[in-house]
Amino acid sequence: MSARFYLLPTLAFYTAGAVRVLIQALSRRKLLNSWTVGATLAGFALHTASLAQRWSEAGHFPAVGLHDGASFLAWAIMLVFLVTYVRTGLEALALAVYPAAFALVLVAGLAPVPESGAPILKGVFLPVHTTLAFFGYAALFVAFAMGMLYLIQEHELKSRSPRAFYYMVPSLERCDTISARSVAVGFGLLTLAIVTGVLWNHAARGRYWSWDAKEWSAILAWFIYVGLLFARYRTGWGGRRAAFLGIAGFVAVAFTFVWMMGLGSALTGVR
Amino acid sequence: MIVIVGASHRSSPLALREAIAFPRERLEEALALACQQPNVAEAMILSTCNRVEVYARTREEGAEPALVSFLCSFHGRDRDELAPFLYCLTGPHAVKHAFRVAASLDSMVIGEPQILGQVKEAYQVAEEAGTLGPTLGALRNRSLAAAKKARTETGIGRNAVSVSYVAVELARKIFGDLNDRSFVLVGTGKMSELAARHLVRSGARATVVGVRTLDRAENLAAVLGGRAVPLSALGEELTVADIVVSGTGAPGLVIRHEDVEQARRRARHGKPLFLIDIAVPRDIEPSVARLPGVFLYDMDALRVVAEANLRERRKEAIAAEAVLEREVRDFLDWEMSLDAVPLLVELRKRADEIRRGELERAKGRLGLTQEQEEALDAATSAIVNKILHPPTVYLKEIAKNGLASEHLGLVRKLLGL
């Protein structure tokens, strides 16, 4: 069975969700309703099936290369979003999550399915390292999105003439709190991902550090988040500065991901 | 048929509504009089500052002139003087109007919450006066339920439209929960006190700054459950406050750019500061709005938000109209199905008469035991009920579809009634 068998209907459901959220946003009504959540859950179930299918087909954890990486990241972002939504009822996050999930699944669908894995992909490090990293990315994506929503809402409030976003986006305080929590979770996962990545590198290549751009951007992101967390918890700093740092950190994270998925493997071979 | 005669803020000037308003203590008398009008079977009077309306159920069509003359004569006014400002609504139009009024869609400010209570009270008074019958009673139940539904299912009541509430809503958009947020009230004017009361009710803690004397600040602080400080402590308070409400009568600036800048440098770590300037002339230097993390709203800005919120409500009103549309249709269906009720009663009565007659005759011939008689009685009842069940359902159905008057005659002939 083709790896795209489940991915196409997944894309259809996420597209329907994204379109629905967009329409609701434009008509300024409640962003999510049971219809949208139902479609999303159906899409998510198919998405899970598609990843399972890929896992058994490829013979290794499906998170290598653009096809599998984009699909897995979209899955992780969706899962983190659904958990956040159930726990906090936060709807505005849908404004960022649906376009991201749609774009990533589309990219996954268009990217070629890799043939078979190199020996480096066997073993326990790949699933552990990539799962930690991708859920870290997903949490940091939420932090990034909440930072953006913070700045948008701040702009709305500063402009003193409320438009659509004023009504859709939650309070500054809420954006800040959820962003802070997501950074804390995402930073923990990112740290573990870096540690397991280094150990894996050592196990596979006999060296801890490969001096490639991906590693440097991951470390840069790590330091940005260290600074952000330190400022938050030691000096009680928050608000717009925290939002900016959260966005900057995610840019570094996104670079790491893009390098790993496409550029990196094109220039330096698998992983 | 339901009829509504009245005047509202849409149809008439305030002076006219004042002239025909019903004072609470004369409502019983007015209701009784309204019910004495020819053809009027039930009555209810809704009299608020924005509308005066007489709701009635009439036995036949064409009772509106009687209601208009009742309205005029009760207030001792000339019919020609009032008539141009009055509207007369009948049947489905009246029902729809009653639903829209209760749901505040016909109010001056869409979504205002008071009208629901006023309508409720008006029906209550009519009920106590004994002028509320089954039809207006049903109108009450259905329209109030529909109004609540429209309120919960749409956002017609969601965003604040009065300036002092807008200030609190903006504070929530910045700080989320206002519990244990601290706000500084500068000056003890009426408007700033109103905003302060809303903030305290939302859980914020007050510090009142006395501008000229501390006396009034202390009194107000006691009312708000906060503390009072002199003007010299304002700089200190700015470093800890989340919200500042300023409404002094001072001719010059009370809070300057450098005061705010300094306070933020000293203690704020980029956390938001919300400044509300409700004084005219303004108390807070407008340039502070450029400082990062500082949100400054003056009266004009608050009004802009209130207007934007009202536009949101108007958009939501479209959805609310759709909710009401369905509810009105249900009510009208129910009302029409009432047409078939007398016929159904007659049909049952006739069938039972026949049954009893035949039963008596049979009993006389057969000489049955008590037990056997009861069994026969039950069996014949069941036969009648089973035969009458389909026509009963069908009659209710055609009545609902508004075909009653044409078909009912035929049904009468067929069944020999």
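Trainee: In which order do the six strands of the open sheet in chain B run?

Mentor: Happy to walk you through it. In this predicted model, the order is β7-β6-β5-β8-β9-β10, and the strands pair in parallel.

Trainee: Which strands stand at the edges?

Mentor: Look for a strand with a single partner. In chain B these are β7 (227-230) and β10, so each has one side without a neighbour in the sheet. On average, neighbouring strands here are turned by 20° against each other, direction ignored.

Trainee: How many bridges join β6 and β7 of chain B?

Mentor: Strand β6(B), residues 205-210, pairs with β7(B) over four bridges in the parallel sense. To find a spot on screen, go to G210(B), whose bridge partner in β7(B) is P230(B).

Trainee: Now the interface. How many residues does each chain bring to the contact?

Mentor: Chain B brings 31 residues and chain A brings 24. Together the two chains bury about 2,200 Å², with 50% of that on carbon and sulfur atoms.

Trainee: Which side chains form the salt bridge?

Mentor: The count between the chains is one: R181(B) meets E173(A), at 3.1 Å from N to O. For polar contacts, the rule finds 13 residue pairs across the interface, both residues at pLDDT 80 or more.

Trainee: And which elements of chain B supply at least two residues each to the side touching chain A?

Mentor: They are α8 (163-175), β10 (294-298) and α13 (299-337). Helix α13(B) gives the most, with nine residues. By class, this side of chain B has 16 nonpolar, six polar and nine charged residues.

Note on methods. Residues numbered from 1 in each chain as written. Chains lettered and ligands numbered in written order. Predicted model: local features only at pLDDT ≥ 70, side-chain atom pairs only at ≥ 80, totals over all residues. Heavy atoms only, no water. Contact = heavy atoms within 4.5 Å. Buried area = accessible area lost by both parts, 1.4 Å probe. Salt bridge = Lys/Arg side-chain N within 4 Å of Asp/Glu carboxyl O. Polar contact = N/O pair within 3.5 Å; in protein donor to acceptor, adjacent residues only side chain to side chain. Nonpolar A, V, L, I, M, F, W, Y, C, P; charged D, E, K, R; others polar. Pairing = 2+ DSSP bridges. Axes fitted to C-alpha atoms, helices over the stretch in contact; angles between N-to-C directions.
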